[in-house]
Amino acid sequence: MIKNIILSIILLPFNLISQYGCVTDEYNKPLYDSNPIRYEQVEKDLQNHLRISKQKDNNQIVIPVVFHIVWMDNNHNLPDSVIHQQVEVLNKSFNLKNEDTVILTDTLKNWVDNFNIKFELAYKDPNGILTDGITRKKTINPHFSYYNDPVKDSHYGTNAWPTDRYLNIWVCNLVDGFHGYSQFPGGPIETDGVVVDWQTVGNGYYPWTYPNSENLACGKVLVHEIGHWLNLYHPWGNTTFGCGDDYIPETGLQDEPVYHTNDCYDTLFSLCNPSERVFVKHYMDYSGCDCMVTFTKNQVARGISSLMTQRLPMIENYERRPTLNGFEGTLILPTLVKDKLYFTFPHSDGVITIIIYDLMGREILKTYTSQQFKEISLNTSQGYYIVCVVYNGEVVRKQKIIVY
Ligand SMILES: [Zn+2]
């Protein structure tokens with residue numbers, strides 16, 4: 001009881017000031033209310049699959065992803081490098097390859113698992129044209145909300161690519177306090193996908209000009225929202241707080257989020273059931289960049305069952321990306337650059353994108369070529385830069401250079 005009181009005192013100020021805004025529950029409520037039978041069926045299919053599949057499949061599942069960047073202010077038009085950083089965060093987080101799992105105790109490590117899935121930027125658009133998996137649209141709308149979902153409408157934003165073939169992710173300027181929302185499986189196919197605020201995207205090294213999301217600007221909001229897309233609920237259930245069920249025994253009963261604190265608790269006593277301890281260092285809570293480090297065993301099992309039922313067409317429709325042989329022979333010279341950089345590519349069947357960015361991920365230069373030889377004049381200040389060669393939507397070569 002004493003710990004409960006202490007916990008309430010600890011949590012109270014953060015509840016008031018933190019304003020973490022995952023608005024997934026608010027977004028999905030009218031969808032549920034309009035067709036509850038449909039969602040009951042989705043849950044039944046998922047539970048049936050969970051019952052029959054006790055063993056995890058060893059084959060890696062690939063999820064083709066398209067990012068729709070919808071921007072008005074230049075800051076919101078994130079460079080490709082930040083999207084690539086975000087994809088790296090997804091692939092680390094869903095596969096338990098993120099370094100920050102060191103904060104898990106040995107006991108907690110018994111309760112974690114990985115999805116064995118790969119997120120891959122789409123290399124073909126819905127018409128079969130080669131793409132880098134990123135679309136960009138200048139909007140007239142300064143702020144977006146979950147209400148009426150305007151970012152998915154071509155008037156203000158971008159229509160979804162076919163949602164049985166791609167995971168659609170919209171990046172836009174959400175109203176202050178909202179960080180993201182996602183559509184649970186079972187909703188309308190034309191709006192299926194995930195929406196996140198631009199400030200939460202990347203790996204935390206991009207120089208954000210707006211500090212409100214500092215503790216969430218590390219790419220983990222998208223991990224959390226894709227968790228919802230895989231039918232994972234908040235630990236307090238799919239309602240706006242209250243001791244609801246998330247179908248995950250190890251997260252315990254929780255009546256509200258655990259917000260970020262510097263203490264980063266291993267476990268806490270449940271406010272719903274005082275004798276119970278709850279696991280809080282997982283992605284479906286709100287505990288911030290340093291403390292959200294894993295999915296739990298039953299979250300992974302539930303997410304995979306969701307993929308193998310509601311999301312199965314996407315897995316079955318996946319077309320393997322052609323292998324990118326030969327780019328290891330790319331020459332980028334010199335490493336110490338005065339003003340000109342020279343590229344030699346082993347082949348040139350298609351468009352090659354060259355991006356140069358600084359160590360903070362800011363894009364300095366972007367150019368395209370379909371030639372085997374390319375010369376670039378650099379007009380930048382002295383310092384370190386990263387040269388990135390992108391082919392078929394995939395980074396095939398990265399090299400550090402020094403401009404003097
Ligand atoms: Zn959420």
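What radius of gyration does the chain of 404 residues have, and what would a compact globule have? The chain has 22 Å, and a compact globule with 404 residues would have a radius of gyration near 22 Å, which agrees. Here the radius of gyration is taken over C-alpha atoms, and the globule rule is 2.2 Å times the number of residues to the power 0.38.

Before going further, please keep in mind that this is a predicted model: local features need pLDDT of at least 70, side-chain atom pairs count only at pLDDT 80 or more, and totals for chains, interfaces and linings use all residues. Residues are numbered from 1 along each chain as its sequence is written.

## The chain as a whole

Along its principal axes, the C-alpha trace spans about 70 × 45 × 40 Å. The chain holds 8 helices and 18 strands; these are DSSP runs numbered from the N terminus, with helices being H or I of at least four residues and strands E of at least two. Of the 404 residues, 41% count as buried. A residue is buried if 20 or more other C-beta atoms lie within 10 Å of its own, exposed if 12 or fewer, and partly exposed in between, with C-beta atoms placed from the backbone. Among contacts between residues at least 6 apart in sequence, 68% join residues at least 24 apart; a contact requires C-beta atoms, placed from the backbone, that lie within 7 Å.

The chain is divided into domain 1 (5-316) and domain 2 (331-403), with bounds that come from an automatic or database domain assignment. Their centres, taken over C-alpha atoms, are 33 Å apart. To the contact, domain 1 brings 17 residues and domain 2 brings 13 residues. On the domain 1 side, helix 4 (residues 80-93) gives the most, with 5 residues. That side has 9 nonpolar, 6 polar and 2 charged residues, where Ala, Val, Leu, Ile, Met, Phe, Trp, Tyr, Cys and Pro count as nonpolar, Asp, Glu, Lys and Arg as charged, and the others, Gly among them, as polar.

Helix 4 lies across strand 14, strand 15, strand 17 and strand 18 (394-403), and runs at about 90° to strand 14. Axes are lines fitted to C-alpha atoms, for helices over the stretch in contact, and angles run from 0 to 180 degrees between N-to-C directions.

An open sheet of 5 strands has the order 12-18-17-14-15, with mixed pairing. Strand 12 (336-337) and strand 15 (363-369) are at the edges with a single partner strand each, so one side of each is left without a neighbour in the sheet. Two strands pair if DSSP finds at least two bridges between them.

Within this sheet, strand 14 (residues 352-358) is joined by 7 bridges to strand 17 (residues 383-391), and the two run antiparallel. Beyond its neighbours within four places in sequence, Ile354 is in contact with residues including Phe343, Val387 and Val389.

Phe343 leads on to strand 13 (residues 340-344), where Leu341 and Phe343 make up the covered face and Lys340, Tyr342 and Thr344 the uncovered one.

| Strand pair | Sense | Bridges |
|---|---|---|
| Strand 1 (residues 61-71) and strand 3 | parallel | 5 bridges |
| Strand 11 (residues 331-333) and strand 13 | antiparallel | 3 bridges |
| Strand 13 and strand 16 (residues 373-377) | antiparallel | 5 bridges |

## Enclosed elements

In strand 3 (residues 117-121), 4 of the 5 residues are buried, so this strand is largely enclosed by the rest of the structure. Its Leu121 stands opposite Val65.

Helix 6 (residues 220-229) has 10 of its 10 residues buried, so helix 6 too is largely enclosed by the rest of the structure. The cover over its buried residues includes helix 2 (24-34), helix 4 and helix 7 (297-309).

## Backbone details

After helix 6 comes Asn231, with a positive phi near 70°. Asn231 is buried, with 24 other C-beta atoms within 10 Å. Asp149 has a positive phi of about 55° although it is not a glycine, and sits in the loop between strand 4 (134-138) and strand 5. Finally, a cis peptide bond with omega of about -10° joins Leu333 and Pro334; Pro334 lies in the loop between strand 11 and strand 12.

How values were computed:
Two residues are in contact if their C-beta atoms, placed from the backbone, lie within 7 Å.
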